[in-house]
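We will go from one selection to the next and see what sits at each stop.

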Amino acid sequence: MPDVLSELPAYSPIAFARSPYARRIDAPHQPTVVEGTESGETAEASIEFVEGIPAAAFRDLAGFERIWLVFAFHRSEGWKAEVRPPRGGGKRSVLATRSPHRPNAIGLSAVELVAVEERILRVRGMDLLDGTPILDIKPYVPYADAFPSSRAGWIDAIDAAQGQHSAPGPKRPRRTPHGLG
């Protein structure tokens, strides 16, 4: 097998997320699950492009209702083969979850595109922390990206037991001794 690792490109952010979420505990688990967040509403945020990314690279996003954000989980602290998802049900294989602690700390999020401005995309429904590096942006194409009748493995079993789309909102901050934390 060829040494493909030596042939992989290095990635640099093309933009950074500017969101109201400073800490993981503040952000929703998914862009559309806002129950338990401070406002209980879908947050508005922005994507600010870095110098060197010309407007010609993103101007034709105008008219798309949603976009995919490919990003780096820049605060991830390593990973484990199994994690406990917030929906419960015991440990699950990390690659069968949306945990931020992954072998490669890369994430994918679909957000609503509100406006395309000079060097900024205005978005709604962001679940990213402020300052998250955006590696790529792709348009959401409904006929190619939506599969509403697809099975969702262990999540279907939890939905059957707890009710469909029973994902929890963010956890409450943990109390730490002597006000530390």
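Start by selecting Glu-112 and Arg-124: their side chains meet in a salt bridge, 2.9 Å from N to O. The term salt bridge here means a side-chain nitrogen of Lys or Arg within 4 Å of a carboxyl oxygen of Asp or Glu. Glu-112 lies in strand β6 (residues 106-116) and Arg-124 in strand β7, so this pair ties together parts 12 residues apart in sequence. Strands are DSSP runs of E with at least two residues, numbered from the N terminus.

Before moving on, a word about what you are looking at. This is a predicted model, in which local features need pLDDT of at least 70 and side-chain atom pairs count only at pLDDT 80 or more, while totals for chains, interfaces and linings use all residues. Residues are numbered from 1 along each chain as its sequence is written, and side-chain values use heavy atoms, with hydrogens and water left out.

Because Arg-124 lies in strand β7 and Glu-44 in strand β2 (residues 44-49), the pair ties together parts that are 80 residues apart in sequence.

Glu-44 is partly exposed at 48%, and so is Glu-112 at 24%.

Next, select Arg-18 and Asp-130. Their salt bridge has its closest N and O atoms 4.0 Å apart. Arg-18 sits in strand β1 and Asp-130 in the loop between β7 (120-124) and β8, 112 residues apart. Arg-18 is partly exposed at 31% relative accessibility, and Asp-130 is partly exposed at 32%. In all, the structure holds seven salt bridges.

Stay with β1 and show the cartoon. Strand β1 (residues 15-18) pairs with strand β8 (residues 133-139) in the antiparallel sense over two bridges; two strands pair if DSSP finds at least two bridges between them. Select Ala-15 and you will find Ile-134 of β8 opposite.

Finally, zoom out. Which strands make up the closed barrel? Six strands form it, in the order β1-β2-β7-β6-β3-β8, with antiparallel pairing.

Terms used. Helix = DSSP H or I, 4+ residues; strand = E, 2+ residues; numbered from the N terminus. Buried < 20%, exposed > 50% of the residue type's maximum accessible area, 1.4 Å probe, protein only.
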